[in-house]
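Notebook open, model loaded. I want to go through the fold piece by piece and jot down what I look up.

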Amino acid sequence: MASLGVLGRALSSAAVGLPESADPFRVELTAPDGRTWVWGPEAAAQRVRGGAIDFCLCVTRRRPWSETNMTANGEDAQK
């Protein structure tokens with residue numbers, strides 16, 4: 001599910017009328033078993049971090065961002 005959330009970013013932006021960010025994103029999630037899952041270049045300024053479960057709950061709109069441990073750095077990542 002987390003992979004789908006990362007890969008679906010462009011579609012999600014289009015669905016709410018936002019242009020797709022030209023800047024690369026980095027997503028760093030802590031898996032339930034404690035491992036780290038990473039997508040995107042290490043040097044990306046747009047970053048999203050947190051627990052994989054919280055990320056999945058956010059991208060499926062089952063939990064508001066404010067009720068999770070997720071953090072976002074960069075203007076586009078915060079959207």
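Is R47 buried or exposed? I looked it up: R47 counts as buried, at 14% relative accessibility. My cut-offs are under 20% relative accessible area for buried, over 50% for exposed and partly exposed in between, with a 1.4 Å probe and protein chains only.

Ground rules before I go on. This is a predicted model, where local features need pLDDT of at least 70 and side-chain atom pairs count only at pLDDT 80 or more, while totals for chains, interfaces and linings use all residues. Residues are numbered from 1 along each chain as its sequence is written, and side-chain values use heavy atoms, with hydrogens and water left out.

**Strand 3**

I placed R47 in strand 3. Helices (H or I, at least four residues) and strands (E, at least two) are DSSP runs, numbered from the N terminus. I then listed what R47 is in contact with (heavy atoms within 4.5 Å). Leaving aside neighbours within four places in sequence, I got R26, E28, E42, T71, A72, N73 and A77. The side chain of R47 also makes a polar contact with the side chain of E28, at 2.8 Å. For that term I take a pair of N or O atoms within 3.5 Å; within protein, one must be able to donate a hydrogen and the other to accept it, and residues adjacent in sequence count only if both atoms are side-chain atoms.

**Pairing**

Two strands pair if DSSP finds at least two bridges between them. Strand 3 runs parallel to strand 1, over 6 bridges, and I noted Q46 as the bridge partner of F25. With strand 4 (residues 71-73), strand 3 pairs in the antiparallel sense over 3 bridges; there V48 stands opposite A72.

**Core**

Next I checked the largest nonpolar core, which has 14 residues. Such a core is a set of buried Ala, Val, Leu, Ile, Met, Phe, Trp, Tyr and Cys residues joined through side-chain atoms within 4.5 Å. Helix 3 gives the most to this core, with 4 residues. I also followed A2, which touches L29, W37, W39, F55 and C56, not counting residues up to four places away in sequence.

**Helix 3 and after**

In helix 3 I found A52, D54, F55, C56 and C58 buried. Their cover includes helix 1, strand 1, strand 2 and strand 3. Helix 3 is followed by R61, whose phi is positive, near 60°. R61 sits in the loop between helix 3 and strand 4 and is exposed, with a relative accessible area of 72%.
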